[in-house]
Amino acid sequence: MHFQDDPQRPESLVRREFLRQLSAASLAAMASGVPQQFVSAMDQVEHPQPTADACILIWLAGGMAAPDTLDPKRYHPFKKGLKVSDMLSTFPAIDTAVDHIKICKGLENIAGVMDRATLIRSHVQPDLGSILHSRHQYHWHTGYVPPQTVAAPHIGSWMARVLGPRNEVMPAFVNIGQRLEGVGESEELKAFTTAGFFGSEYGPMNLPYPDRAAVSVRPPKGMDAQRFANRNKLFRRLVDQSPQREFMSDYHQESMLRSFDNAYRLLSSKEREAFDISLEPREVAQKYNSTRFGQGCLLARRLVEAGTRFVEVTTEYVPFLHFDTHNDGHTTMARMHSEVDQPIAQLILDLDQRKLLDRTLVIVASEFSRDALMEGQPGSNANDQAREKVDTVAEMKHYGLHRHFTAGSSVLLFGGGMKSGFLYGATAPERPLVAIEDPVSIEDLHATIMTAMGISPRTGFDIEARPFYVTKDGKGQAVEALFA
């Protein structure tokens, strides 16, 4: 299956073709048989000793501008007549708990926990031509550029499938904060928020609203245990008789039923209390702030404590909201600083205080960075998607980083066997702000994450007579310099 990137094609046609091919891959996955882990003379894999047992991905969806967050550059304050070509960072740099690392004003709480972090400033993504956020998000979450001939599993599903649950009752993979209905590019978001060819039992439990998570693991009000058990049996029969049955292999049908069994077991357990953030002491909960994202970080901590293997918490991707700053970038970024700074820092402090940080890998990442002038990377033919295309700043909405930039972004890693107070890689001090030292690709970042979790980057499964690896073609290389 081949996807043509053509900068002259209307964005709507590019998106329509993308959706069509994603749908074809999803249907093919449903009809496929059992994915078999393979071992051959060439593909002998020895899993590394894990440095982490659990993983939390903090996903700052929409394209977090590194020069306005974790990689400050030359700063010019807002001023009418400021040349856009002079606009590198719109926030000044501040000191952190590590003498040689500075980040941007507005992230004072994260600055206070940088002594527990590894900061990568040289993460790079490929230029995918017509830039759809969901294509880059699919690539980051699965390790594969879409569309593929099979539905590629999310990295959380790889952990669920290869490592299994830490607690048999708790879901191995929970996704917090992202609505999959009623938002832009929702079908594309669904395409990577899935276990793909692994089957439903390894897919995520989706909790878009963390303050309602407790309701999702509680039987309906007034339903006694016997009625609850009978309803579960009836539901299984209805699924087996579904008209979709003819499109599903026996493996995927059984996987779906096992996912229902898992859900039933959770709803009948005491562990379901982990989903109820109202049980958290008030003085602790207040430190995460009252936003959905803050509540999501609190819920993530509770779930990891209870035995969940992989949790993703997102600021939520909705086109032109949050970190998707196509105009009014500085003002929006100031708001996002205030939304994410305290919860991320508090999550790290809480995990550390509970002696969980050493064995929990926390990743803070986004699909790409942003620039004031350039779309994609030097030499890109991607369409310019900024809404305010000016050469000089005339009003506040012009002030900020409004274009997608894939040649240099930042990633934070905490705990899980990573070094503390460590800076890795660099981007150029002047435009173009490309990675100039120790670039880290998505494949190598995934290899690092999987190695920390005790999964060889060469791990693969046969699906439809095709080898499919946890890192693209099994070629990802862990960045050993990041490990403590």
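Phe192 is buried, with a relative accessible area of 5%; buried denotes under 20% relative accessible area, computed with a 1.4 Å probe on protein chains only. The structure is a predicted model, in which local features need pLDDT of at least 70, side-chain atom pairs count only at pLDDT 80 or more, and totals for chains, interfaces and linings use all residues. Residues are numbered from 1 along each chain as its sequence is written, and side-chain values use heavy atoms, leaving out hydrogens and water.

A search of the whole structure finds 12 aromatic pairs, that is, rings of Phe, Tyr or Trp (its six-membered ring) with centres within 6.5 Å; planes over 60 degrees apart count as edge-to-face, under 30 as stacked and the rest as tilted. The rings of Tyr138 and Phe192 are edge-to-face, because their planes stand at 85° with the centres 6.5 Å apart. Tyr138 belongs to helix α3 (residues 133–142) and Phe192 to helix α5 (residues 186–192), so this pair ties together parts 54 residues apart in sequence. Helices here are DSSP runs of H or I, at least four residues in length. Tyr138 also counts as buried, at 2% relative accessibility.

## Trp158, Phe198 and the cluster

Trp158 and Phe198 form an edge-to-face pair, 5.0 Å centre to centre and with 85° between the planes. Both residues are buried. One aromatic cluster comprises Tyr144, Trp158, Phe197, Phe198, Tyr202, Phe461 and Phe468.

## Charges over rings

Arg212 lies over the face of Tyr209, 4.2 Å from the ring centre. The charged end of Lys419 sits over the ring of Phe422, at 4.5 Å from its centre. The criterion is NZ of Lys or CZ of Arg within 6 Å of the ring centre and within 35 degrees of the ring normal.

Note on methods: Helices (H or I, at least four residues) and strands (E, at least two) are DSSP runs, numbered from the N terminus. Buried means under 20% relative accessible area, exposed over 50%, partly exposed in between (1.4 Å probe, protein chains only).
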